[in-house]
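Please read the points below alongside the sequence and the coordinates. They are meant for someone who has not seen this structure before.

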Amino acid sequence: VNGYQLRKYPETKWMTIKMPKMESSYWPDMKEYRMSFMKLRDFMTGYNKENMTLDMTVPVIMKHQRREVHLCLMMPHHIRTRVPTPLDSDLSLQTLREERFFVKSFGGFAYNSTGMNFFKDHRTDLQTKLNEDVERYDNDMFFTAVYFSEWKLHDQHNEIWIPKRR
């Protein structure tokens with residue numbers, strides 16, 4: 001409908017890291033993004049108290065708020081009750097409760113080689129469509145989701161998730 005979907009996601013557990021530096025309101029510095037992603041990847045490849053290697057999961061999401069952004073990797077379903085303990089104090093386990101989101105999908109890369117952020121335009125487009133449809137949504141928080149492989153050069157899939165107001 002009108003270029004977006006309303007989806008309901010179940011409660012999930014995520015290993016998260018708060019981005020230490022912001023580029024502007026709602027958006028992280030891309031150098032910090034890469035460093036933060038490496039810390040999460042290290043956790044998944046065994047840098048944890050249990051030396052447990054975990055399968056990488058998709059999507060990789062960022063939870064955007066005006067003054068902070070968290071980068072998040074979903075914990076695999078089979079270990080949700082026994083998630084390894086991070087050795088890096090910047091990492092923490094968070095539970096995202098069951099939630100309904102307005103979702104807009106788009107293909108291609110979310111960022112180009114110069115760092116241009118295509119999520120910004122897609123977020124604005126989704127908010128415009130939600131306003132036209134008189135939908136109630138959370139204007140102070142949103143998520144960006146990337147379904148990618150580091151080695152995949154084509155057919156990237158990205159999404160903007162905006163929480164539906166209750």
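1. In this predicted model, helix α1 is followed by G46, a residue whose phi is positive, near 115 degrees.

2. Helix α1 itself comprises residues 30–44, which makes 15 residues, and from its first C-alpha to its last it reaches 21 Å, close to the 21 Å expected at 1.5 Å a residue.

3. The buried residues of α1 are M30, E32, Y33, S36, F37, L40, F43 and M44. They lie on the same side of α1, because the arc they cover around the axis is only 140 degrees. An α-helix has 3.6 residues a turn, so residues three or four places apart point the same way. On the other side of α1, K31 and M35 are exposed.

4. What, then, covers the buried residues of α1? The cover includes the strands β2 (12–18), β4 (27–28), β5 (60–65), β6 and β7 (91–96).

5. Is H70 buried or exposed? H70 counts as buried because its relative accessibility is 11%, and buried here means under 20%.

6. The side chain of H70 is joined to that of E68 by a polar contact of 2.9 Å. When neighbours within four places in sequence are left aside, H70 is in contact with T16, I17, K18, I61, M62, K63 and Q94.

Definitions and conventions. Residues are numbered from 1 along each chain as its sequence is written. This is a predicted model: local features need pLDDT of at least 70, side-chain atom pairs count only at pLDDT 80 or more; totals for chains, interfaces and linings use all residues. Side-chain values use heavy atoms; hydrogens and water are left out. Buried means under 20% relative accessible area, exposed over 50%, partly exposed in between (1.4 Å probe, protein chains only). A polar contact is a pair of N or O atoms within 3.5 Å; within protein, one must be able to donate a hydrogen and the other to accept it, and residues adjacent in sequence count only if both atoms are side-chain atoms. Contact means heavy atoms within 4.5 Å. Helices (H or I, at least four residues) and strands (E, at least two) are DSSP runs, numbered from the N terminus. The expected span of a helix is 1.5 Å times one less than its number of residues. The arc is that of the directions from the helix axis to the C-beta atoms.
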